[in-house]
Amino acid sequence: MDELELQPNSASSAYTVLKKDITRGVFPAGKKLLMSTLKERYGFGVGPLREALSQLVAEHLVIAINQKGYRVAPMSLEEMRDIYDARANLEAMILTLAIERGDDSWEALILACAHTLSKVVEVKTQDQMLDVWDERHKAFHSAIASGCGSKHLLQLRSQLLDQAERYRHLWLKSTVFSEDALNNKRNEHAELVHAILARDAAKASTLMREHLLTPIPIISELIKNTMPNA
C-alpha cells in the first residue's frame, strides 16, 4: 500500500501532496480536478480532499466552479511578471531590515544554509536534484529573510512564494540540471552572502532583487512555447 494511503483522513496530508502535484505540473493549468480521480490517486476520502481544495482555492492555485467542481488555476505571463516583481521587491526590503536587525546567529544560519546548498552537486539522480536543490535553496532564502524579525512581512513573503511556485517549477525543470545554471546560481549566492556579511544593505538588496528576477526571461519563453494563449 502506498504510504499516502496510510493517512486517509488527513486533510493536511491531502493538501501537501495535491499542492505538490499542482506546482509540479502533474495537474496542468486549467485541468479539471475530478474527485474520483483524486480519491483514486491519493487514497483520501472526500472530506480531506475538499478541505485541501478549499485551502488551495484560498491560495489561488485552484479555482472553484459553481456546481461544477474545481480546476487548476490558469497561468499567464502577466501574472508571472507581477508575482516575480512583487516578490523581488519585497525580499529586497526584507533583506534591508534583516541586515539592520540580524545578529551573529543570523549570520551563522545563512552561512550554514549556503554551505548545505553548495553540496547539492553530490546528488546523483535528477529527481533528487530537483527536490533537494529546491528545498535547500528555499532554506537559504528563508534564513536570510528570518533576520527581519517581522512575522507579518514573513507571512506576506510566504504567500508570494506560494503564488510563484508553479512558475518557479517551470524554471527549475529547465535549468536545475544544467551545470552552467547551477554555477551561475552558486556565484550569485556567494556574492549575496558576501554583501550581507559586510552589512552592505544597498548592495545586498540590489543583488537580491536581481537574483530573484533572473528567471523571468526563461519562464516567459517556456510559457510562450507551452501555453501560447497564456
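The accessible surface of the chain comes to about 12100 Å². Carbon and sulfur atoms hold 52% of that surface. This is a predicted model. The chain has 10 helices and three strands.

**Overall build**

- From the N terminus on, the elements follow the order α-β-α-α-β-β-α-α-α-α-α-α-α.
- The radius of gyration is 19 Å, close to the 17 Å that the globule rule gives for 230 residues, so the chain is as compact as a globular protein of that length.
- Along the principal axes, the C-alpha atoms fill a box of roughly 55 × 40 × 40 Å.
- Of the 230 residues, 44% count as buried.
- Take the contacts in the chain with a separation of 6 or more: residues 24 or more positions apart account for 74% of them.

**Helices α4 and α7**

- Helix α4 spans residues 77-101, and helix α7 spans residues 151-175.
- The two helices pack at an angle of about 145 degrees. Their axes lie 9 Å apart.
- The crossing of α4 past α7 is left-handed.
- On the α4 side, the contact is made by Glu79, Met80, Ile83, Tyr84, Ala86, Arg87, Leu90, Glu91, Met93, Ile94 and Leu97.
- On the α7 side, the contact is made by Leu153, Leu156, Arg157, Leu160, Leu161, Gln163, Ala164, Tyr167 and Arg168.
- The residues of this contact divide into 14 nonpolar, one polar and five charged.

**Ala73, in a loop**

- Ala73 sits in the loop between β3 (69-72) and α4.
- Its relative accessible area is 4%, under the 20% cut-off, so Ala73 counts as buried.
- Leaving out residues up to four places away in sequence, Ala73 touches Ala29, Gly30, His60, Leu61, Val62, Ile63 and Arg166.
- Ala73 and Pro217 are 144 residues apart in sequence. In space, they are 22 Å apart, C-alpha to C-alpha.

**Ala195, in a helix**

- Ala195 belongs to helix α8, which covers residues 179-197.
- Ala195 is buried because its relative accessibility, 3%, is under 20%.
- Leaving out residues up to four places away in sequence, Ala195 touches Asp200, Lys203, Ala204 and Leu207.
- Ala195 and Ile99 are 96 residues apart along the chain. Their C-alpha atoms are separated by 9.8 Å.

Terms used:
Residues numbered from 1 in each chain as written. Predicted model: local features only at pLDDT ≥ 70, side-chain atom pairs only at ≥ 80, totals over all residues. Heavy atoms only, no water. Axes fitted to C-alpha atoms, helices over the stretch in contact; angles between N-to-C directions. Helix = DSSP H or I, 4+ residues; strand = E, 2+ residues; numbered from the N terminus. Left-handed = near helix turned anticlockwise from the far one by under 90°. Contact = heavy atoms within 4.5 Å. Nonpolar A, V, L, I, M, F, W, Y, C, P; charged D, E, K, R; others polar. Rg over C-alpha atoms; globule rule 2.2 N^0.38 Å. Buried < 20%, exposed > 50% of the residue type's maximum accessible area, 1.4 Å probe, protein only. Areas by Shrake-Rupley, 256 points an atom, 1.4 Å probe, with all protein chains shown as cover.
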